[in-house]
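These are my notebook entries on one chain, written as I looked things up.

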Amino acid sequence: MKRSGILVAMIIATLPAIAGAQTTAKSAAKVETKAMTKAARKADTPASLKAEAKITEAAARSIALKQIVGGSVKSSEIEREKGHLVYSFDITVAGKSGIDEVLVDAMDGSIVSTEHETPKMEKAEAKKEAKEKTSAKKKK
């Protein structure tokens, strides 16, 4: 009986230390995750992404334009999206409202997605991107 009492007392005495170690480990993990996210953001510059790409932007543009008959590229960028390194092309077609966004895999030239965005959807996306840029600048 005395042994179990001593054992219980020892366990109770060590609980705060265990809890503190877990809190410290969680804090360290948060700091590490934040640092990794910041490093990933810095690493994902257009130049570093283009260096990773296996196909050129010109080749990707040609692939994208084959998807949208009669289209012309309004804007383009290289980015990570939907788990892929992609060239993203906003393509307009005369007489058609909105844009068609075509994502071309920068590694193998395959089409990741094609999506039509209405003018309303375009505005919402632009607003979201502006907000993300503002919050990214504040974090720096």
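Predicted model: local features only at pLDDT ≥ 70, side-chain atom pairs only at ≥ 80, totals over all residues.

I looked up Asp100 first: at 5% relative accessibility it counts as buried, where buried means under 20% relative accessible area, exposed over 50% and partly exposed in between, with a 1.4 Å probe and protein chains only. Its side chain meets that of Lys96 in a salt bridge at 3.2 Å, N to O, the term standing for a side-chain nitrogen of Lys or Arg within 4 Å of a carboxyl oxygen of Asp or Glu.

Residues are numbered from 1 along each chain as its sequence is written, and side-chain values use heavy atoms, with hydrogens and water left out.

Next I looked up the overall layout. The chain has 4 helices and 4 strands, in the order α-α-α-β-β-β-β-α from the N terminus; helices (H or I, at least four residues) and strands (E, at least two) are DSSP runs, numbered from the N terminus. Buried residues account for 20% of the 140 residues. Of the contacts between residues at least 6 apart in sequence, 37% join residues at least 24 apart, a contact being heavy atoms within 4.5 Å.

I then followed the strands. E1 and E2 pair in the antiparallel sense over 10 bridges, and two strands count as paired if DSSP finds at least two bridges between them. Ser76 stands opposite Phe89 in E2. The E1-E2 hairpin has 2 residues between its strands, and Lys82 in the turn has a positive phi of about 55°. On to the next pair: E2 and E3 are antiparallel over 6 bridges, with Asp90 opposite Glu101 in E3, and their hairpin has 5 residues between the strands, Gly95 in the turn having a positive phi of about 85°.

Which strand is mostly covered? I found that E2 is, with 8 of its 10 residues buried.

For the largest nonpolar core I found 15 residues, those with the most contacts inside it being Ile78, Tyr87, Phe89 and Val104; such a core is a set of buried Ala, Val, Leu, Ile, Met, Phe, Trp, Tyr and Cys residues joined through side-chain atoms within 4.5 Å. Helix H3 (57-67), strand E2 (84-93) and strand E3 (99-105) each give two or more residues to this core, and the largest share, 5 residues, comes from E2. Not counting residues up to four places away in sequence, Tyr87 touches, among others, Ala53, Ala60, Ile78 and Val104.

Last, I returned to the salt bridges, of which the structure holds 5. Glu52 forms one with Arg80, the closest N and O atoms being 2.6 Å apart; Glu52 lies in helix H2 (residues 46-52) and Arg80 in strand E1 (residues 71-81), so the pair ties together parts that are 28 residues apart in sequence. Glu52 is partly exposed at 35%, as is Arg80 at 42%. Glu57 and Arg61 meet at 3.7 Å, N to O, both in helix H3 and 4 residues apart, about one turn of the helix. I also noted that Lys50, Glu57 and Arg61 are linked in a network of salt bridges.
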